[in-house]
Structure formats: C-alpha cells, structure tokens
Amino acid sequence: MSERKVLNKYYPPDFDPSKIPKLKLPKDRQYVVRLMAPFNMRCKTCGEYIYKGKKFNARKETVQNELYMGLPIFRFYIKCTRCLAEITFKTDPENTDYAMEHGATRNFQAEKLLEEEEKKVQRDREEEELNNPMKVLENRTRDSKLEMEVLENLQELKELNQRQAQVDFEGMLCRHKHLEEQERRRQEEEDERETRDMLERALVKRLRDSDSDSDQEREDGRERNVQICTSEKPTDILTTDRPTDAKASGPPPPGGEASPGGDLGEEPPPPARPVQSEVSVPKATSSSVTAQASSSQPIAAQNGSSLSLLGAYSDSDDSE
C-alpha cells in the first residue's frame, strides 16, 4: 500500500518534460477567491449597507489594457447579501486603495474627498499663476501673511513652554509637603489642647464632687449629733436598767439584795434627803445633756441618784 503523503515521486528513465502539453488559458480568466469588503458601501438596488470586513466569495479577474507603472490592476465581483445584485470594485495602486466601479456607493470617505479637493485647488492655482502674473503676486503676499501668523503662533507656544519650564516642580512639591506637615502639627496640637482641657474639667468636677460629699458628710454628722442630743430626754435614763452605784443607793439591807423599787421594811430616809435628791436631779440631767455621753462616770452617778430618788418616793408612798 502506498503512502498517503508522497514526498518522492517516480520518474521513468524515458521521461521528457518537453513532451508535456502546455495548458492554454484566456488572459481574462476569472478566479474564485475569498475576500472581505475593503470599505463600507451601500447597494444602489435595495439600499442594503455592506460594512467593511464582511466576507464574500468573489470572482477575480485582471483588467485588460490598464496598468500602473507596470503593476496589473484587478477587478472583483461580489453580490449583495439582500438582493443579490452584482457589485464590482477594483484596485487603486496609485492611492493604495480600492475604487468603486458599479452597483454600490462608497460611504465614509470624507478624508479622501478632502484630499481630492485640496489637490483640485492646488491644480487650479497653478493654472491661474501660469496665465496671470498679478495673481502670482497676490498668492505670494497671502502666503507670506500666513507664514508670519504661523511664526507668531509658534513663538507664543515657545514662550509658553519656556514659562512652564521655569516652574520648579520639586520646590512646589516640597512646599506642599511642608504645608501638609504644618497642618498636621496644628491638628495634633489642637487635639492635645482639647484633651488637656477635658482632663482638667474632669478633675475639677471630681474635686467639686468630693468637696460636696465631704460637706454633706459633715452636715449629716451634725444632724446625727443633734438628733442624738434631742432624742436623749432627761427622763430616758429612768427607763434604762443599769447597776446602781453603792454611794447613791446606800448599804443593802441585812435581809438580802435591794430591789430597784426598794423593800417595804426599809425605814424612810430623813425629809432632807428627798429634797436634796430632787434638787440634784436637774443638775445631773443638765450635765448629761452637755457632756453628750463623753464619759461613763457622770452617767453612772446620775443613774444612781435617780434610782435613790425612786426608792425614796416608793418609801414615802408606803409610809402614807
């Protein structure tokens, strides 16, 4: 079995290439090629827009009796995508472009039209200068004025560029950084000052609160002392059970311990004793109010005198 991709072909010994007949083809023969639309166009038959880059199966032929500096010019035939009308265009080596021939109109060729218009104006001017010398002088004067205006504009642009070139951008950046640093420091100082003021206000408020608390405590202490002084009435000591003093109550009776109210068999004391005890009671009471329970000895003496007074009153009642 032979190879599919043959690299070397067999030539017999009696092979003569001159005996191979040459294929005679017409010069205007057409080839089918695949191409893309070289520019935007619009069909004249149906008005369909054909955009640049759209692919077609075109027929290609060489234009007879038309050359540009020895280069052949080719013609292409395509069909409209909507109405199947035939559209033809050919190469334009002079302008390195394509030229529309038949079946459509080219769109968006403003630049090309402008160039053609400039070329036409230049051609007309040259024709006028050949026949009219005054026209040549006018054209030269106009050209000199335009040249002077262009030079003035160019000089202004140069001065502007030099003015911008003298600007010290590094200095501007340094100054900008310095200003930013100053602004940052100022902000930091303001923040520190505000923080210090807040701390001082908080400290003053705390001191005021502590002073008010101490004043309140002093007032409460005074009120408590006043209440204690006012609550201890002279007769409160009569209701408290405290041991009597030996000097105030006298020696106990031989029969046993003396009761708080006194025994019935005890002899009544002399009349001067109750009077003296009655007189001594207010003194003891006044001394107890002024002393504010500073020592226990005056209170004990006061209690003893009051108990002896109760015993004297009870003995007097029994004697009656």
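UniProt positions are given here in the numbering used for this chain, with shortened feature names, and such annotations may be inferred rather than shown by experiment. Keep that in mind as you explore.

**Before you start.** This is a predicted model, where local features need pLDDT of at least 70, side-chain atom pairs count only at pLDDT 80 or more, and totals for chains, interfaces and linings use all residues. Residues are numbered from 1 along each chain as its sequence is written, and side-chain values use heavy atoms, leaving out hydrogens and water.

**Stop 1: the whole chain.** Show the cartoon view. Of the 320 residues, 16% count as buried. Buried means under 20% relative accessible area, exposed means over 50%, and partly exposed is in between (1.4 Å probe, protein chains only).

Stop 2: Select C43, C46, C80 and C83, which an unreviewed UniProt entry lists under "binding site". They are spread over 41 residues of sequence, yet they cluster in space, with a largest C-alpha distance of 8.8 Å.

Now zoom in on C46, in the loop between strand 2 (41-43) and strand 3 (49-50). Is C46 buried or partly exposed? C46 is partly exposed, because its relative accessible area is 25%. Leaving aside neighbours within four places in sequence, C46 is in contact (heavy atoms within 4.5 Å) with C80, R82 and C83.

Move on to C80, in the loop between strand 5 (71-79) and strand 6 (86-92). C80 has a relative accessible area of 1%, so C80 is buried. Not counting residues up to four places away in sequence, the residues that C80 touches include C43, C46, E48 and I50.

**Stop 3: R106.** Select R106 in strand 8 (residues 104-106). Its side chain makes a polar contact with the side chain of D97 at 3.1 Å, and the R106 side chain also reaches the backbone oxygen of Y98 at 3.0 Å. A polar contact is a pair of N or O atoms within 3.5 Å; within protein, one must be able to donate a hydrogen and the other to accept it, and residues adjacent in sequence count only if both atoms are side-chain atoms.

**Stop 4: Y11.** Finish at Y11, in the segment before strand 1 (31-36). Y11 counts as exposed because its relative accessibility is 55%.

Conventions
Helices (H or I, at least four residues) and strands (E, at least two) are DSSP runs, numbered from the N terminus.
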